[in-house]
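Trainee: I'm new to this one. Can you walk me through it?
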Amino acid sequence: MALNKSKSASLGGYAFIVGFVLAAIIGAATAFNMLSGDLMGISLLVLAVLGLIVSAMNISDKEVGGYLLAAIALLLSANSFNSLAAIMGPKTLLFVSAFMNAVISFVGPATLLTAFKAIYSITRD
């Protein structure tokens, strides 16, 4: 059974919120040494899949340009938070660094899929 447009957008919206909450949890767990290497990898994989769900369900053809611009800005500015967090202490640096890496894992695959959609749309016409 196919989802209608409103249910699809709603599911994609929830996936977006869950992705950022999970990124914050990963950041906190990493800062307090509660996340092992294998669990970290699985967590980042879950974030990547959620990012793909968000991209596939939420981003229409009209929104591709705006999404790509915002995502590129986010991905490029993610490392600037590390220098700011370094001033605030080691736990804050660990949290911010892990959180931003998790956000990159969430947004990166969605950006890649959206870029593929844009390229396909351009070459199709």
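Mentor: Helix H2 (residues 37-58) has 22 residues, which at 1.5 Å a residue should span 32 Å, and its end C-alpha atoms are 31 Å apart, which agrees. The expected span is 1.5 Å times one less than the number of residues, and helices are DSSP runs (H or I, at least four residues) numbered from the N terminus. This is a predicted model, where local features need pLDDT of at least 70, side-chain atom pairs count only at pLDDT 80 or more, and totals for chains, interfaces and linings use all residues. Residues are numbered from 1 along each chain as its sequence is written, and side-chain values use heavy atoms, leaving out hydrogens and water.

Trainee: Which residues of H2 are buried?

Mentor: Ser 43, Leu 47, Ala 48, Leu 50, Gly 51, Val 54 and Ser 55. Buried means under 20% relative accessible area, exposed over 50%, partly exposed in between (1.4 Å probe, protein chains only).

Trainee: Where do they sit around the axis?

Mentor: Seen down the axis of H2, the buried residues fall within an arc of 165 degrees, so they line one face of the helix. The arc is taken from the directions from the helix axis to the C-beta atoms.

Trainee: New topic. Is Thr 111 buried or exposed?

Mentor: Thr 111 counts as buried because its relative accessibility is 9%. It is in helix H5 (residues 90-124).

Trainee: What does Thr 111 touch?

Mentor: Not counting residues up to four places away in sequence, Thr 111 touches Tyr 67, Leu 68, Ala 71 and Leu 75; contact means heavy atoms within 4.5 Å.

Technical notes
Helix = DSSP H or I, 4+ residues; strand = E, 2+ residues; numbered from the N terminus.
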